[in-house]
Amino acid sequence: MVDTLMLPESLSTRLSRSVSADFFRPLARPSAPVYVDCADRLLEEAGEAGRLSQRETNEIIREVIARHPLSLLAEDEGAALRDARQRAGQFFNRLIAAGWLEDQTLGLHERWAVITPGLRPLLRMLRDLAEDRVAELKTFADTLRGLCQTLEERGVLDPVLKQPDQLRSTVTDLSQRLERAIEQLHAVEKIVTSFEQRQRQSATAADTLSLLYEEFGQGQHMVCYDALRRGGLLMRIEQARSTIAERHDDPLMRERLSEGLREHYGYDSTESYDLAISLLTRLDRDLGGLKRRAEAIDLRMAAFNRLSQQRYRYQTELRGRRPEIIKAYCDAINTAHAGGRFSELGAKPADFAPRCVETRFFFGTESLYKPRRTKAPVDLTFGQSGAVKQSEDDVLAAWKERQRLALTPQRAARLVAKLIPNKKGTTSTEDIHLETTDDLLDLLAVVAYEHAPALAGKRIRWTVDGLRRRNGLEPHIIEHDTHAGHRIERFGITREG
């Protein structure tokens, strides 16, 4: 049988000695946002002193409750009380019962609310979970750089030169800094995941491109693997890992570190020796896993880029404008027949004709479901291939033709710079004249994009506006212009920069 006395204490056992059973209960109540915001405000106002007068505490609680009018308070939280001060006092009692505050009475008219020691790490954990600012996550490379600099100092882990307590302090500090850097790496992955969720819900192609190139692009300079590679960090990390591995196998280092842990924490010889080996092993393992973690996050970055490209292709090429046309048509029908009955539409023709030739609408029994015709089986036997091998000249010519017809931001920027040489200048399709197909493709590229990369050292931005955006359901009032043998709805172009 296993001796239960030799087993280490579980985390729940050690936690029960530090906080009460009601400590985490406020986070599971419907009014959890009120508790969290109250704790955040009280901790901020208390400062280093860690305490506030009861009057100040009740005022802060009353302000926080007023900012959450939709929160459901329970009976023991003052839901039945009409007076805001009484409700704040009742909520103050709940914070004391949960162990987040302590009521300290120093005199007959002097009462204080003291921040409990367990509330600070709890709030720190909640802030880390809510962290989504890129600026707070750029320092992991600085953390690793400082860690490598510490390990590169001469004799920093030499058991002959350093006292046991110095070794214990250095190893503990290195472990904490490395753990912080790893947490920041995982926080980067959390940010990428949030971008993926937002990209899957983007409504238009413009939103997709804005999220990819503007919001997400601002954080691409902090890509983990690149940040580790810059300044030779990967090589320095490997050297630091070799230093830790060398000290891990040194019996004298184990003994001196074990002695330092035993003197500082009061462990016995066996516990301190096992803890010393565990600390050195964990340092070696975490340093070796930094590169793999960074590469895994880079894979998530690449997956987000592929998702953005697929989302944009679906919104522009596969979906097109047909659903928008049908939606506008249906909205017009709903407006025209508001208050009517669906059965009355069976004998009536459509009142509005959509601007789409290939679209048909069915009424009455013709709108019922019809089973699809099954396709004939396909002959999958192998035979002589009818494909003709193309020459290199044909492939090159086809590639050049595709490049000529591609709508790129560069060709749009050239046309904008040609038509509007100065900033804040405007023009419209009524004032310009285009003759060739290439000029027409340039104009379509201007509509598809809003800015272009650096052109002659400058970035060009522009906006396009037309009557279609405001009068989409009244196409008869929209004027047209003829360019290169095609009729185009009139719109204006404004150069922003």
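Biologist: Which residue in β8 does His480 stand opposite?

Modeller: Happy to! His480 stands opposite Glu489 in β8. Before the rest, a word on the basis: this is a predicted model, where local features need pLDDT of at least 70 and side-chain atom pairs count only at pLDDT 80 or more, while totals for chains, interfaces and linings use all residues. Residues are numbered from 1 along each chain as its sequence is written, and side-chain values use heavy atoms, leaving out hydrogens and water.

His480 belongs to strand β7, residues 480-483 (strands are DSSP runs of E, at least two residues, numbered from the N terminus). Its partner, β8, covers residues 486-489 and runs antiparallel to β7, with four bridges joining the two (strands pair if DSSP finds at least two bridges between them). Together β7 and β8 make a hairpin, with two residues between the strands. Ala484 sits in that turn and has a positive phi of about 55°.

His480 lies on the uncovered face, along with Thr482, whereas Asp481 and His483 make up the covered face.

The structure has zero disulfides (a disulfide here is a pair of cysteine sulfur atoms within 2.5 Å). Cys38 is buried, with a relative accessible area of 0% (buried means under 20%, with a 1.4 Å probe and protein chains only). Cys148 also counts as buried, at 1% relative accessibility.

Notes
Buried < 20%, exposed > 50% of the residue type's maximum accessible area, 1.4 Å probe, protein only.
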